[in-house]
Protein chains: 2
Amino acid sequence: MQGKIVTISRQCGSGGHSIGSELAKRLDVPFYDKEIIEMAAKESGFQREFIEETGEHMNSSLLFNIARHVAYAGRGNYEDYQPLQDQLYFTQVKIVKELAGKGSCVIVGRCADYILRNRNDVLNVFIHADMEYKKNHCLERGQFSGEDAEDMIRRRDKLRADHYRYYTDEKWGASTNYHLCLDSSVFGIEKCVSIIEDACKGMYPAS
Amino acid sequence: MQGKIVTISRQCGSGGHSIGSELAKRLDVPFYDKEIIEMAAKESGFQREFIEETGEHMNSSLLFNIARHVAYAGRGNYEDYQPLQDQLYFTQVKIVKELAGKGSCVIVGRCADYILRNRNDVLNVFIHADMEYKKNHCLERGQFSGEDAEDMIRRRDKLRADHYRYYTDEKWGASTNYHLCLDSSVFGIEKCVSIIEDACKGMYPAS
């Protein structure tokens, strides 16, 4: 596959990471998910934990705002400084564009669909699933405790949606923002991968 | 194919009708789109034109409301009468359920995804496309004049979205309301049909 990029946006617990990873293997192209966190840490000097917490989530917590004030302290006019969250976002924009510029790949999250909107070789995919599936998926991976899983999943997706809205002015998960949306609780991981692989071929018949 | 129903919701001009029709041929199952208008006319006694105008569109025009008042005139308490639009909706609900009860089929529009939500043998698909594609598709079919096409398409989709919201309390076109969403301007009619056909198999491997 030459000159093809697949972006995968996904609800928490929908298996988007696994789908992206398996797709990249099948297409024999690089896969970028958490890797972008490492790159952003290197590029920006931000802590890995800060990037993990803030890179895809709207962060308006008190603690975050205090951290911002501390960071600005004594650095002149407050207004002159780009908020840390914006700095991180634009670091990720730079990284995503650079990765796409290198050639075919699969990128999970990071508003990559929006960041790469001016390219014509990108397939944008959104993966969602019903709550039962997402809960089980998270519990199997030990991501949340059984009692809190549902609340945590909703919260995580709310923060992702807010983040996407803030930086793109678009609605996260609206079908019209993606070329292909799939319910992984109905198709399963394997079938989602093969549908996306097939869709890639349909999109660029020349490949 | 046994016991499978595909519902296709679609933006105006996205080619959803053609996709559904071709899919039904390939699956060798009945196809229902405008046919439901004829059935609803027979069942309800409403004029074909009224059903075409109101069956999938929120109709709050002055003319419609006047017609409603006229229809109620002298029939006792106004509140006792179900608005005509509701009468038509529930006629269509009955028809869609009956059609699904007969066996495998492809149904376009009519909130069929929502009406059949309690069945577990239904694949819900949403087809959308970019405005350029939709405009060309409508103009080729002589549906609107060139000058008005874009406004008419937006208006038609707005009325469909309002109608869906009113009767389902859900958002029309939100990816989470469908198992599969496709951008027909990226894949084309043929490829959309084959992706849906493949997805049917993925959903019910036993078939």
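Here are some friendly questions and answers about a predicted model with chains A and B.

Colleague: By what turn can chain B be laid on chain A?

Modeller: Two copies of a chain are related by a rotation about an axis and a shift along it. Here the RMSD is 0.0 Å and the shift along the axis is 0.0 Å. The two copies are thus related as by a two-fold rotation axis, and the turn is 180°.

Colleague: Which strands stand at the edges of the open sheet of 10 strands?

Modeller: The order is E2(A)-E3(A)-E1(A)-E4(A)-E5(A)-E5(B)-E4(B)-E1(B)-E3(B)-E2(B), with mixed pairing. An edge strand here has a single partner strand, so one side of it is left without a neighbour in the sheet. That picks out E2 (31–32) of chain A and E2 (31–32) of chain B.

Colleague: In chain B, do E4 and E5 pair in the parallel or antiparallel sense?

Modeller: Strands of a sheet pair through backbone hydrogen bonds, either parallel or antiparallel. E4 (residues 122–128) and E5 (residues 180–183) of chain B are joined over 4 bridges, and B:Val125 stands opposite B:Leu180. The sense of the E4–E5 pairing in chain B is parallel.

Colleague: Is B:Arg110 buried or exposed?

Modeller: B:Arg110 lies in the loop between E3 and helix H6 (112–115) of chain B, with a positive phi near 65°. Its relative accessible area is 3%, and the cut-off is under 20%, so B:Arg110 is buried.

Colleague: And is B:Asp169 buried or exposed?

Modeller: B:Asp169 sits in the loop between helix H8 (149–168) and E5 of chain B, and its phi is positive too, about 60°. Its relative accessibility is 60%, and the cut-off is over 50%, so B:Asp169 counts as exposed.

Key. Residues are numbered from 1 along each chain as its sequence is written. Chains are lettered from A and ligands numbered from 1 in the order in which they are written. This is a predicted model: local features need pLDDT of at least 70, side-chain atom pairs count only at pLDDT 80 or more; totals for chains, interfaces and linings use all residues. Side-chain values use heavy atoms; hydrogens and water are left out. Copies are superposed by least squares on the C-alpha atoms of residues with pLDDT of at least 70 in both. Two strands pair if DSSP finds at least two bridges between them. Helices (H or I, at least four residues) and strands (E, at least two) are DSSP runs, numbered from the N terminus. Buried means under 20% relative accessible area, exposed over 50%, partly exposed in between (1.4 Å probe, protein chains only).
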